[in-house]
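This briefing concerns the structure shown below. Please keep the sequence and the 3D view at hand while reading.

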Amino acid sequence: MKYAPLNLGRWVLWSAAALVFLVAPHLFSGGFALTMLTQMGTLILFALSYNMLLGQGGMLSFGHAVYSGLGAYVTVHVLNLMGKGSFTMPLPLLPLVGGVAGLFFGVLFGYVTTKRAGTTFALISLGIGEMVFACVRMFPGFFGGEAGVSTNRVVGQPFLGLTFGPALQVYYLVAVWCFLGMAAMFALTQTPLGRMANAVRDNPERAEFVGYNTQHVRFLQLVLSSFFAGVSGALSCINFEIVSEENVSAIRSGGVLVATFIGGVPFFFGPILGAIVFAFFFVALSGFTKAWLLYLGLFFVLMVVYAPGGIASLILMQFPVIRAGRWRELLVPYALAALAGLVVLAGLIGLVEMMYRLSEQGASTVLTVLGLSFDARSAPPWFVMGAVLAAGLAALRAAMRLVGERWGTIQLDLQAKAAP
Amino acid sequence: MKNAIELQEVHKSFGTTKIIHGVSLDIRDGERHAIIGPNGAGKSTLFNLISGRYEVSAGRILLHGAAITNLRPFEINRKGLSRSFQVTNIFHNMTVFENIRCGVLWSAGYRYSFWHRVGGLKDVRLRAEEVMQRIGLAKRRNVPAGTLTYAEQRALEIGVTIAGGASVILLDEPTSGMSRTETAQVVELVRSITQGKTLVMVEHDMGVGFNLADRISVLVYGEVLATGTPEEIRGNPAVQEAYLGALRKETAHA
């Protein structure tokens, strides 16, 4: 018997991921889709690097943007030097510069932050984040002040015929780095350090009594994580051709926390899902409504309360049921819940959008939905939307109760079968 | 005979409360040494001082002749001393195999490596499997530690402790909370795993202490009342007066 058989499922998954990266820009055409996909790629890398801290090492960081942001700042200056002809290097290798910069600051700041775990770590990371953010205004020579530092990614000789001017070429650059980063970070979870990071997360005291300096484990984990954060920062610098204070801000640090949590902290692939959803909110929804942050916040709170394992846990929960062939029993309850959820969403969106129209100066208060126009200054739409929301909530409650009952029966049956 | 552990006038106080008053104790190389004493005598505190969990207030502790006073737990562990805990202290989310592997990795030399694939380390796997065999958990290899029975968790606790191959083993009440049969099994387990090693164990169960130990130290109110072979301790009037008598009274009432 071979101890480590070729893990077929794993190969299929990774090949599928590579295939998705390859064909995604052709499935969703248009400049907008490409913008979103490119941002998804950088965000996936960023969220995965964040989860090396939160999920794998048990370190809640409020300042992870420091590493991606400073990686981006260093990258933008290197890119500008290349533009001046000071030296040359192939553009596809530039993310390495960002990575090394991230790693450098990881060593510098991580030495301080990882001295402690838990709440103290979280607070120090917050402090370092604020400190770096303050530096942006204090040292405009390097950080470019409020305007930031802009650049031009088309420099020097084309690399293998690629100039990286067209957005599609940038997408594939991001895709390749994102895929490599995913593979590398997954591989890291399978190393002695990766496993001991889990051990230190779960029971730091015992880890010390089997020979491990928990502080050093946290430090190395953070340094490796900030390398990948730096790579993602460099990719966003290449993509947007500008780096500003937003790149190192607490908003960015909070964003990656939200994305990672929504996706699922306990699972390696969780942050990938989270980054995709977050990018959807951030890029797509923000074009439609100014309330996108409110929707994202509501979604985040819902996940924290009802699904602390994130989207990934919701998906993984279904597998035993599917394997046992019992998924048909859940189809109707799920469909009902989804329907009720849509009604809730309709009522909620109606109310929120009307509120925004009223509070915004100079905006038209007339909204049009499915060819129907109504004025937010009149009372009837409020009553209608309120009624829709209330009805939806009642229906959702009933549907969720049905889901819960069916789910409970199936789980009991499965447990009875599992017990000898 | 050489000493594995030497305590020289070790004191420990928490604030103004003195727990350990000048304990001097030699643990000989290769012996099984039990530390017995009534509740609150400072047995566990003594363990925490030796293993680096607490800092000593005064005095010196030597391991194989070299000072380990106030070193950190991982430094003491790397010098070849490993300990278990009275309250089970394992990695609850990990499987039995992963728990044991955590105990093996450092001593196998993989340290903080992020360039080895942990699943491919044959020496680590073989060692972990050997340990699982010895503690009787080979069949529970892939069970999460949190779902094991209490007796199994206690065995795993010992497994994690011995996995690194330390030459000096400290076991803190390995039989606490166990039934008669389970206790007998643990005694046999401890006897087999400490062959050729130095064992120091805190024991509340007198039977276990007298059965397993080559020598016994009696700790009362933070001081060593007597040290000697089980026969010497049984025949020691001071011990009988201060401890065994009191215990006999305790059990007579119970």
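The model is a predicted one. Chains A and B touch through 29 residues of chain B and 25 residues of chain A. Chain B is itself divided into two domains, with domain 1 comprising 1-80 + 202-254 and domain 2 comprising 81-165.

**Contact between chain B and chain A**

- On the side of chain B that touches chain A, the elements that give two or more residues are α2 and α3 (96-105) of chain B.
- Helix α2(B) gives the most to this side, with four residues.
- By residue type, the side of chain B that touches chain A comprises 13 nonpolar, 12 polar and four charged residues.

**Domains of chain B**

- A distance of 27 Å separates the C-alpha centres of domain 1 and domain 2 of chain B.
- Nine residues from domain 1 of chain B and five residues from domain 2 of chain B take part in the contact between these domains.
- On the side of domain 1 that touches domain 2, α1 (43-50) and α2 (73-78) of chain B are the elements that give two or more residues.
- The largest share of that side of domain 1, three residues, comes from α2(B).
- The residues on that side of domain 1 are three nonpolar, four polar and two charged.

**R195(A)**

- R195(A) is part of helix α8 (residues 192-202) of chain A.
- R195(A) counts as buried because 21 other C-beta atoms lie within 10 Å, and the cut-off for a buried residue is 20 or more.
- Although R195(A) and Q56(A) are 139 residues apart in sequence, their C-alpha atoms are 8.5 Å apart in space.

**Residues with positive phi**

- Most residues other than glycine have a negative phi.
- F164(A) has a positive phi, near 65°, and is a residue other than glycine.
- F164(A) lies in the loop between β1 (149-150) and α7 (167-189) of chain A.
- With 21 other C-beta atoms within 10 Å, F164(A) is buried.
- N70(B), also a residue other than glycine, has a positive phi near 60°.
- N70(B) occupies the loop between β5 (66-67) and α2 of chain B.
- N70(B) is partly exposed because 14 other C-beta atoms lie within 10 Å, a count between the limits of 12 or fewer for exposed and 20 or more for buried.

Notes: Residues numbered from 1 in each chain as written. Chains lettered and ligands numbered in written order. Predicted model: local features only at pLDDT ≥ 70, side-chain atom pairs only at ≥ 80, totals over all residues. Domains from an automatic or database assignment. Contact = placed C-beta atoms within 7 Å. Nonpolar A, V, L, I, M, F, W, Y, C, P; charged D, E, K, R; others polar.
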